[in-house]
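The following note sets out numbered points for a colleague who is reviewing this model. Please read each point alongside the sequence and coordinates.

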Amino acid sequence: MGMGDVKLAALMGAATGFPAVFVALLLGIVLGGLTAAFLVLFGIRKRKDFIPFGPFLSLATMATLVWGDDILRWYAAMF
């Protein structure tokens with residue numbers, strides 16, 4: 001995670017607001033992690049290869065802007 005990702009995370013917080021920014025960050029981490037695991041597992045990328053994180057954060061922000069309240073309610077209902 002580079003400084004560009006940190007700046008993007010700050011923009012995510014400004015765009016989504018306080019509680020939804022955690023949904024966006026968690027969703028971005030999960031999306032990026034699953035994609036990276038898939039790429040490494042099937043030999044498309046090596047473990048030390050660079051995989052950009054910004055697109056996953058951007059996709060998670062867009063999904064949070066559309067479905068963020070529903071995701072937050074679903075997650076809160078689990079506990």
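**Notes on the predicted model**

1. Leu 27 counts as partly exposed because its relative accessibility is 25%; the classes used here are buried for under 20% relative accessible area, exposed for over 50%, and partly exposed in between, with a 1.4 Å probe and protein chains only. Leu 27 belongs to helix H2. Helices (H or I, at least four residues) and strands (E, at least two) are DSSP runs, numbered from the N terminus. Leu 27 touches Ala 60, Ala 63 and Thr 64, leaving out residues up to four places away in sequence, where contact means heavy atoms within 4.5 Å. Between Leu 27 and Met 62, 35 residues apart in sequence, the C-alpha to C-alpha distance is 11 Å.

2. On provenance, this is a predicted model, in which local features need pLDDT of at least 70 and side-chain atom pairs count only at pLDDT 80 or more, while totals for chains, interfaces and linings use all residues. Residues are numbered from 1 along each chain as its sequence is written, and side-chain values use heavy atoms, with hydrogens and water left out.

3. As to the overall fold, the protein has 3 helices and 0 strands, in the sequence order α-α-α. Its C-alpha atoms fill a box of roughly 35 × 30 × 20 Å along the principal axes. Of the 79 residues, 25% are buried. Among contacts with a separation of 6 or more, 73% join residues 24 or more positions apart.

4. Ala 60, in helix H3, is one of the residues that Leu 27 touches. Ala 60 counts as buried because its relative accessibility is 0%. Beyond four places in sequence, Ala 60 touches Ala 24, Leu 27 and Gly 28.

5. Ala 24 is in contact with Met 12, Ala 60, Thr 61 and Thr 64, its neighbours within four places in sequence being left aside. Ala 24 is also a member of the largest nonpolar core, whose 5 residues are Met 12, Ala 24, Phe 53, Phe 56 and Leu 57. A nonpolar core is here a set of buried Ala, Val, Leu, Ile, Met, Phe, Trp, Tyr and Cys residues joined through side-chain atoms within 4.5 Å.

6. Which residues line the largest pocket? They are Phe 22, Val 23, Leu 26, Leu 27, Val 30, Ile 71, Leu 72, Trp 74 and Tyr 75. A pocket is an open set of points on a 1 Å grid over the protein atoms alone, where a 1.4 Å probe fits, with protein on both sides within 12 Å along at least five of seven lines; lining residues have an atom within 4 Å of a point. The largest pocket holds about 210 Å³ of space, a volume being the space filled by probe spheres set on the points, which are joined across faces, edges and corners.

7. Helix H2 (18-41) and helix H3 (54-77) each supply at least two residues of this lining, and H2 gives the largest share, 5 residues. By class, the lining has 9 nonpolar, no polar and no charged residues. In this scheme Ala, Val, Leu, Ile, Met, Phe, Trp, Tyr, Cys and Pro count as nonpolar, Asp, Glu, Lys and Arg as charged, and the others, Gly among them, as polar.

8. Thr 16 lies in helix H1 (residues 3-16) and is classed as buried because its relative accessible area is 17%. Its side chain reaches the backbone oxygen of Met 12 at 2.8 Å. A polar atom of the Thr 16 side chain also lies 3.4 Å from the backbone nitrogen of Val 21. Polar contacts are pairs of N or O atoms within 3.5 Å; within protein, one must be able to donate a hydrogen and the other to accept it, and residues adjacent in sequence count only if both atoms are side-chain atoms. Apart from residues up to four places away in sequence, Thr 16 touches Val 21, Thr 61, Thr 64 and Leu 65.

9. Leu 65, in helix H3, is exposed because its relative accessible area is 52%. Leu 65 and Ala 20 are 45 residues apart along the chain, and their C-alpha atoms are separated by 8.2 Å.
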